[in-house]
Amino acid sequence: MLIRLWELASRTSPTPGLREAAMPFLEGLHDVVGHHTQLGVLEGREALFVERLSVPGSVVNITRIAGRLPLHASSAGLVLLAELREQILAGPLERYTPHTPGTRAGRS
C-alpha cells in the first residue's frame, strides 16, 4: 500500500519539487557544517521534514524524512517557530526529552 501511495505522489507534478530544487544548497550546507542537515517546511504547528543528510557519529537527531515534529522540539522547527512564536508559546509545550523546552522560559 505504501509503495502505491509513493507512486501516486511521484506522478502528481512533472516539475521539480522542493527537495530537488533545494538539494544543491542542502548538500553545500552539509559539507560546511559536517553534521545532520535537514530541510523542513512549516505545516500548521509542526515541521514536516522533506530531506535529511546525515553524518555518522554526529549528534543524536530523531528526524525522519516525511516525519513531523512540533516546532519547539527540533532545530529546524525552532527556526520555523520564529514566524509563530507568540501563538505557539502561549499554549502548553509537550516535552519529548529532558532537554526539550517545556515552558516559555525553556524550563520546567
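Mentor: Let's start with the pocket: α3 supplies the largest share of the lining of the largest pocket, 5 residues. Keep in mind that this is a predicted model.

Trainee: How big is the largest pocket, in volume?

Mentor: Its volume is about 530 Å³. The lining has 25 residues, and those closest to the centre are Gln38, Asn61, Ala73, Ser74 and Ser75. β1 and α3 (75-81) are the elements that give two or more residues to that lining.

Trainee: What does the chain contain overall, in helices and strands?

Mentor: There are 4 helices and 3 strands, and from the N terminus they run α-α-β-β-β-α-α. The chain has 108 residues, of which 27% count as buried.

Trainee: What makes β1 and β2 a pair?

Mentor: Pairing takes at least two bridges. 7 bridges join β1 to β2, so they qualify under that cut-off. The two strands run antiparallel. One of the links is Glu43, whose bridge partner in β2 is Glu46.

Trainee: And how do you know that β2 and β3 pair?

Mentor: Same test. 3 bridges join β2 (residues 46-53) to β3, and the cut-off is at least two, so this is a pair as well. These strands are also antiparallel. Glu46 turns up again here, with Pro70 as its bridge partner in β3.

Trainee: Why are β1 and β3 called edge strands?

Mentor: The sheet is open, with 3 strands in the order β1-β2-β3. β1 (37-43) and β3 (68-70) each have a single partner strand, so one side of each is left without a neighbour in the sheet. From one strand to the next, the twist averages 35 degrees.

Trainee: What is there to see in the hairpin of β1 and β2?

Mentor: It has 2 residues between the strands, and Gly44 takes a positive phi near 65 degrees. As for helices, α2 (residues 18-33) lies across β1 and β2, at about 135 degrees to β1.

Trainee: Thr63 next. Why is Thr63 called buried?

Mentor: Its relative accessible area is 8%. Buried means under 20%, so the label follows. Thr63 is found in the loop between β2 and β3.

Trainee: Which residues is Thr63 in contact with, leaving aside its neighbours within four places in sequence?

Mentor: Gln38, Phe49, Arg52 and Leu69. With Gln38 there is a polar contact of 2.3 Å between the side chains.

Trainee: What makes that a polar contact, going by distance?

Mentor: The N or O atoms have to be within 3.5 Å, and this contact comes in at 2.3 Å. Gln38 is also among the residues closest to the centre of the largest pocket.

Trainee: Is Glu83 buried or exposed?

Mentor: Exposed: its relative accessible area is 67%, and the label needs over 50%. Glu83 is found in the loop between α3 and α4 (85-89).

Trainee: How far apart are the C-alpha atoms of Glu83 and Leu42?

Mentor: They are separated by 9.4 Å, while the residues are 41 apart along the chain. For the chain as a whole, take the contacts with a separation of 6 or more: 33% of them are between residues 24 or more positions apart.

How values were computed
Residues are numbered from 1 along each chain as its sequence is written. This is a predicted model: local features need pLDDT of at least 70, side-chain atom pairs count only at pLDDT 80 or more; totals for chains, interfaces and linings use all residues. Side-chain values use heavy atoms; hydrogens and water are left out. Axes are lines fitted to C-alpha atoms, for helices over the stretch in contact, and angles run from 0 to 180 degrees between N-to-C directions. Contact means heavy atoms within 4.5 Å. Buried means under 20% relative accessible area, exposed over 50%, partly exposed in between (1.4 Å probe, protein chains only). A polar contact is a pair of N or O atoms within 3.5 Å; within protein, one must be able to donate a hydrogen and the other to accept it, and residues adjacent in sequence count only if both atoms are side-chain atoms. On a 1 Å grid over the protein atoms alone, a cavity is a set of points where a 1.4 Å probe fits but cannot get out, and a pocket is an open set with protein on both sides within 12 Å along at least five of seven lines; lining residues have an atom within 4 Å of a point. Grid points are joined across faces, edges and corners, and a volume is the space filled by probe spheres set on the points.
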